[in-house]
Amino acid sequence: MSRTVSSWILSSARNSVVLQGRGRWYSICIPNRNKIKWKLVFSKTHPCPAGSCSLDHTSSLNKAFRHTSTEEEHFSFQLSPSQINDILRAGELSHKTLDASGRNSVLRFESNQLASNSPLEDRRSAATCLRTAGMMFGVFDGHAGAACAQAVSQRLLHYIAVSLMSRQSLEEIELAVESMRPVRPILQWHKHPSDVEYREITAQYFENLRVYWQHLLDLDTELGLSLEEALVCAFKRLDSDISLEVQAPQENELLRNIALQVAFSGATACVAHIDGVHLHVANTGDCRAVLGVREEDGTWSTLPLTRDHNAYDEFEIRRLKREHPRSEEKTLFVNDRLLGILMPSRAFGDVQLKWSKELQHSVLENSCDVEALNIYQYVPPNYHTPPYLTAEPEVTYHKLRSKDKFLVIASDGLWEMLSNEKVVKLVAGHLTELNVQKPPLTFKKPVNLGYMHNLLLQRKSRGLASLDQNIATHLIRHAIGSNEYGEMDQEKLAAMLTLPEDLARMYRDDITVTVVFFNSETIDKYYRSH
């Protein structure tokens, strides 16, 4: 990035038109060379209740190289390659599955995150089901703070797992809880060391999960829910619990504050459930899931498994018009935002767009210092027939084929920068490059240290040492560092990573990426046996 471009970034930020609206930032005009569509609602600050969350290693590492303000006198975009790699790779997570049964079609997954907001508002989850078959992967994009995304990432996969359990299994865990015996785990989590959770509220979350499985037992259905029904039911029930928890009397001030922050912030969610060749994707909002397909002629194609739920989707516009009076047709979406406020038209939390005005006023009036929690009652114009927002997901089913090689799930921070096709192309190209640059080490006898040293130098000279081993990192690097020709621009990359906190959000969003690679042999084996 040239000095001219760097100075343009600073001057455009200082001259941007931003209005402060009752504690949140409402953007009117944001200069953006990449024409990125940003969410409208931003929290001015994102305080964490005391003891509710710990310092995220990824965030602290990013801050080490970031400026705190555009007003700094000595402003520099310079970062060394090693510093760039340290920032980009801080949130890397990877896991290779061990499948003794030969049924697991997931070979491995690789994931990463990069913050723009401070703190990061995105979350991610990955887990193996222990009481039922399959693995689950989720990406959660928070807005107006991280609280809702945190709660959903911590709870949703449990709600899905419980929804899928047989009646017998539900009766077993209910009996164990009643007898005060240990309950066998439902999920095996695959987490990054810096992943945080609300430990103080875990007991309450478990109690509400228990109420949910008791409800499932009361349904008295021997066959249980289908996978699609389980996903829809889990999403809707969790959102309902988030709403009810903040209305319930709570003497513990910390738990009360967490419930308030969760309900009055919001999060979109995209969750994939993979069991053998059966892939289900449940999506609420504008995260996205895309399948990378290698055709018989060796070319790559993309298969989108989700739709972005926003004002640009005709199905969403028609859905909302059906749910509200004709007199509101022109006010449902204002400036391509739901009621002029929110970019996604489906989300968890965001009770300001779900509750009546009276309920909002009652809950906030009976709370302690909500202003200190950065929660303000803002009723948009033309707010007549709530709810305007839903967490009900759209579920897509796809039967995996041997040519389906990987699944990319990511928050909209990635898709605003890269198209579906570009993402699949980058993953495919990276896989090819890794294979080309990893020739087997062939030894000539006798082997000595000098000979081994020369072999390693040859491998290093091919560029393997500088190549991202985590594919999610590779995607994030290209999302923020590619120039207009699609080539990597190191100066632009450094500039995007060192943007001050009050400027970074104008040029890039939080980015969370999870890439799941499929085991073609397992998939082939399934079709041969069937």
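Leaving aside neighbours within four places in sequence, threonine 302 is in contact with Val290, Leu291, Asn420, Glu421 and Val424, where contact denotes heavy atoms within 4.5 Å. The model is a predicted one, in which local features need pLDDT of at least 70 and side-chain atom pairs count only at pLDDT 80 or more, whereas totals for chains, interfaces and linings use all residues. Residues are numbered from 1 along each chain as its sequence is written, and side-chain values use heavy atoms, with hydrogens and water left out.

Threonine 302 lies in strand S12, which covers residues 300-304. Its C-alpha atom is separated by 5.7 Å from that of leucine 291, eleven residues away along the chain. With a relative accessible area of 23%, threonine 302 is partly exposed; in this classification, residues under 20% are buried, those over 50% are exposed, and those in between are partly exposed (1.4 Å probe, protein chains only).

In the protein as a whole, 17 helices and 18 strands are present. Of the 530 residues, 55% count as buried. The accessible surface comes to about 24,300 Å², and carbon and sulfur atoms account for 51% of this area; such areas come from the Shrake-Rupley method with a 1.4 Å probe, and for residues only the protein chains shown count as cover. Among contacts between residues at least 6 apart in sequence, 76% join residues at least 24 apart.

A nonpolar core is a set of buried Ala, Val, Leu, Ile, Met, Phe, Trp, Tyr and Cys residues joined through side-chain atoms within 4.5 Å. The largest such core has 60 residues, and those with the most contacts inside it are Leu156, Ile160, Val162, Leu260, Phe264 and Phe348. Helix H4 (residues 147-164) provides the largest share of this core, with twelve residues. Apart from this core lies another, of 37 residues, including Leu114, Val424, Leu475 and Ile476. Val424 is also one of the contacts of threonine 302. Valine 162 touches Leu170, Ile186, Leu209, Tyr212, Trp213 and Leu216, not counting residues up to four places away in sequence.

The structure holds zero disulfides, a disulfide being a pair of cysteine sulfur atoms within 2.5 Å. The closest cysteine sulfur to that of cysteine 287 belongs to cysteine 270, and the distance of 6.3 Å is too far for a bond. Cysteine 287 is buried, with a relative accessible area of 0%. Cysteine 129 also counts as buried, at 7% relative accessibility.

Notes: Helix = DSSP H or I, 4+ residues; strand = E, 2+ residues; numbered from the N terminus.
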